[in-house]
Amino acid sequence: MQSQPDIVAICRRHDSRPDALLEILHDLQDSLGHVPQAALPAIAAELNLSRAEVHGTFSFYHDFRDRPPGRRMLQVCRAEACQAVGCEALAGHAERRLGTAFGETSADGAVTLRTVYCLGNCALGPAVMLDGRLHGRVTAERLDALLDAPA
Amino acid sequence: MTGAPVTIYLPRDAAALSVGADEVADAVVAEAARRGLPLRLVRTGTRGALWLEPLLEIATPDGRIGYGPVAPSDVAAVLDAGMAGGGPHPLRLGRPEEIPFLARQQRLTFARCGIVDPLDLADYERHGGLAGLRAALALAPAEIVERVTASGLRGRGGAGFPAGIKWRTAAQAPGAPKYIVCNADEGDSGTFADRILMEGDPSLLIEGMVIAGLAVGAEEGFVYIRSEYPHAIATMRAAIAAWQAAGLLGADVDGSGRAFRLHLRRGAGAYICGEESAMIESIEGKRGLPRHRPPYVSVNGIFGRPTLVNNIETLYWVPEILKKGAAWFADQGKNDCKGLRSYSVSGRVKNPGVKLVPAGTTARELIEEHSGGMLDGHSFKGYLPGGPSGGILPAEMADIPLDFGQLEKHGSFVGSHAVVILSDKDDMKDVALNLLKFFEDESCGQCTPCRNGTEKAVKLMQQPNWDTDLLEELSAVMADASICGLGQAAPNPIRSVMKYFPGDLK
């Protein structure tokens with residue numbers, strides 16, 4: 001895992017301000033792919049917060065994960081505008097294709113499947129974000145093609 | 001390479017990217033290189049006619065001529081046609097401003113989206129930017145507040161609260177320092193107008209925030225953008241850097257001696273952080289738990305200091321109001337409603353997208369005049385007038401003006417103006433159940449009526465036959481006793497289905 005000084009460096013990039021905690025957690029996750037739980041006490045110490053406060057913030061937000069995700073991250077929008085153009089069928093297809101449920105990673109560690117509520121692409125739904133890239137008008141066939149293409 | 005460069009405009013807006021705009025850009029660059037053609041490729045925001053993306057425009061002596069939706073395989077032929085003075089091609093759209101969808105709107109706040117390079121400040125200024133800021137710098141703070149008040153501008157986030165009252169309260173609140181927060185956590189499904197604005201014209205937001213800072217006496221501001229919008233985040237970051245480099249942000253704004261510093265803060269996947277007090281908690285680095293009010297955030301906000309929180313779209317109107325005056329804004333609107341609104345239309349229509357039309361437009365007008373009508377094979381059954389919390393109304397009620405104060409008597413509200421059109425292919429029971437599952441997922445957990453109420457509601461709604469009496473009792477508790485709008489409005493879909501779609505309950 002990230003060595004202790006690097007965590008402190010990330011905090012200091014934000015002047016170790018306690019209000020910058022979300023930015024610090026984002027920076028750590030952007031760099032490592034997840035937020036190792038062992039990092040939380042170090043952050044608390046640097047920001048002069050309690051470990052409970054840091055844990056509270058970390059665990060409240062849907063974005064932050066405490067373990068590495070699959071090699072690929074597939075987020076399927078299941079909010080009501082995409083519902084109105086059939087995203088539930090696409091969601092079911094994703095589960096069957098990957099052999100995994102939403103919120104989980106496929107057994108081979110290849111893909112983490114997540115629900116997201118709105119990607120702001122509501123006129124071109126159904127929408128998915130695969131490895132940070134947004135795709136619109138996604139059908140089951142298009143999803144298969146995206147997953148089959150080299151990462 | 002010989003000859004004058006050909007100028008091509010292609011959006012880099014996320015929606016356009018989602019249907020292949022970057023692949024088209026690559027094809028354009030490759031094709032130009034193959035022909036030895038000097039090329040100037042400008043990546044813009046989107047004009048908002050999203051069913052035509054990727055929409056490629058080519059500069060000709062007759063102005064910019066559009067072609068779309070373009071695929072990489074079309075590029076060679078489109079270039080041939082375009083360079084022949086915007087000539088014929090099956091994908092030719094003509095001048096984009098003349099496309100009926102755009103011609104029927106007055107795209108004022110969106111005026112530069114799809115036109116300018118969003119990160120080019122000189123382009124921004126050439127197209128009218130910075131005039132509002134310079135007008136504000138010449139006024140006393142109280143005069144700026146007065147102008148915003150007189151315009152009748154109401155918050156665009158969903159509550160519709162008069163902006164001028166908020167500004168005056170923050171300006172007069174004792175204490176320092178003060179803060180400006182831009183709420184760019186556009187979490188309601190169906191609405192993406194804010195995203196398009198941030199990606200297409202980020203400078204307009206920055207200009208609005210600086211003006212707000214001058215008006216209330218704040219020297220620091222935060223833009224809070226949801227993490228689900230990575231392109232908007234990247235664009236705003238770059239725009240803020242450009243403003244700083246140009247001396248328009250920092251210790252001395254435009255040589256005025258006044259200071260304003262702007263920080264970008266990312267959300268982290270919590271819908272509740274679109275609620276202003278939860279957003280302030282999040283900006284303080286904490287869990288997004290809404291606060292009890294009073295005290296209101298204008299008086300006691302970030303770190304207990306007076307804080308002006310405005311939705312991004314509210315702030316977007318501010319530079320124009322300063323530039324053109326309060327009456328200019330107030331005089332727009334129809335059906336006794338003031339001003340223009342951006343309605344985000346999605347669902348079972350042919351041409352979904354963002355429509356900037358007079359406040360008080362009806363659902364029927366949005367479908368038939370601005371969205372190309374219902375999709376083939378779908379008949380209009382009902383609609384969500386205002387995002388997940390605004391209730392669900394039947395097609396028979398599609399002629400009510402969609403504005404603040406018009407829908408409340410029907411148990412509904414226009415809120416974020418995210419209008420989702422539903423058809424006979426949609427089961428309203430399922431629509432309502434999905435909405436309550438969403439609220440259950442996003443409840444912050446702080447208060448029992450919402451935390452337990454949403455969970456219980458989902459279980460009750462998953463029964464084949466709804467216990468409507470119990471659901472009404474639960475709805476009343478949630479509406480009366482939840483701390484914030486999420487819990488208070490969560491019963492709206494339930495009550496809408498029970499009242500307006502009893503047929504779907506069988």
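Reader: What makes B:Glu199 count as buried?

Author: In this predicted model, B:Glu199 has a relative accessible area of 2%, and since the word buried applies under 20%, the residue is called buried.

Reader: Why is the pair B:Arg195 and B:Glu199 called a salt bridge?

Author: The closest N and O atoms of B:Arg195 and B:Glu199 are 2.7 Å apart, and because the rule asks for a side-chain nitrogen of Lys or Arg within 4 Å of a carboxyl oxygen of Asp or Glu, the pair qualifies as a salt bridge. Both residues belong to helix H9 of chain B, where they stand four residues apart, about one turn of the helix.

Reader: What are the relative accessible areas of B:Glu31 and B:Arg35, and which class does each fall into?

Author: B:Glu31 has 11% and is therefore buried, whereas B:Arg35, with 28%, is partly exposed, because that class covers what lies between 20% and 50%. These two residues also form a salt bridge, with the closest N and O atoms 2.7 Å apart. They are separated by about one helical turn, because they lie four residues apart in helix H2 (residues 21–35) of chain B.

Reader: Which salt bridge joins B:Arg266 to chain A, and what is its distance?

Author: B:Arg266 meets A:Glu23 through their side chains, at 2.9 Å from N to O, and this counts as a salt bridge because the limit is 4 Å. B:Arg266 is also linked with A:Arg13, A:Glu23, A:Asp27 and A:Asp30 in a network of salt bridges. Between chain A and chain B the count is five salt bridges, and there are 23 residue pairs in polar contact. The elements that give two or more residues to the side of chain A that touches chain B are helix H2 (21–32), helix H4 (51–60), helix H5 (80–83) and strand S4 (133–135) of chain A, and the largest share, six residues, comes from H2(A). That side of chain A divides into 20 nonpolar, nine polar and ten charged residues.

Reader: How many residues take part in the contact, and what area is buried between chain A and chain B?

Author: The contact takes 39 residues from chain A and 61 residues from chain B. The area buried between the two chains is about 3700 Å², with carbon and sulfur atoms giving 53% of it. On the side of chain A, A:Phe60, A:Glu80 and A:Tyr117 supply 18% of the area that this chain buries against chain B, more than any other three residues.

Reader: What makes strand S9 of chain B mostly covered?

Author: Five of the five residues in S9(B), which covers residues 307–311, are buried. B:Thr307, B:Val309 and B:Asn311 point one way, whereas B:Leu308 and B:Asn310 point the other way. In a regular strand the side chains alternate between the two faces of the sheet.

Reader: Why is strand S6 of chain B said to pair with S9(B)?

Author: Five bridges join S6(B), residues 179–184, to S9(B), and because at least two bridges are required, the strands count as paired. They run parallel, and B:Cys182 stands opposite B:Asn310 in S9(B).

Note on methods
Residues numbered from 1 in each chain as written. Chains lettered and ligands numbered in written order. Predicted model: local features only at pLDDT ≥ 70, side-chain atom pairs only at ≥ 80, totals over all residues. Heavy atoms only, no water. Buried < 20%, exposed > 50% of the residue type's maximum accessible area, 1.4 Å probe, protein only. Contact = heavy atoms within 4.5 Å. Buried area = accessible area lost by both parts, 1.4 Å probe. Polar contact = N/O pair within 3.5 Å; in protein donor to acceptor, adjacent residues only side chain to side chain. Nonpolar A, V, L, I, M, F, W, Y, C, P; charged D, E, K, R; others polar.
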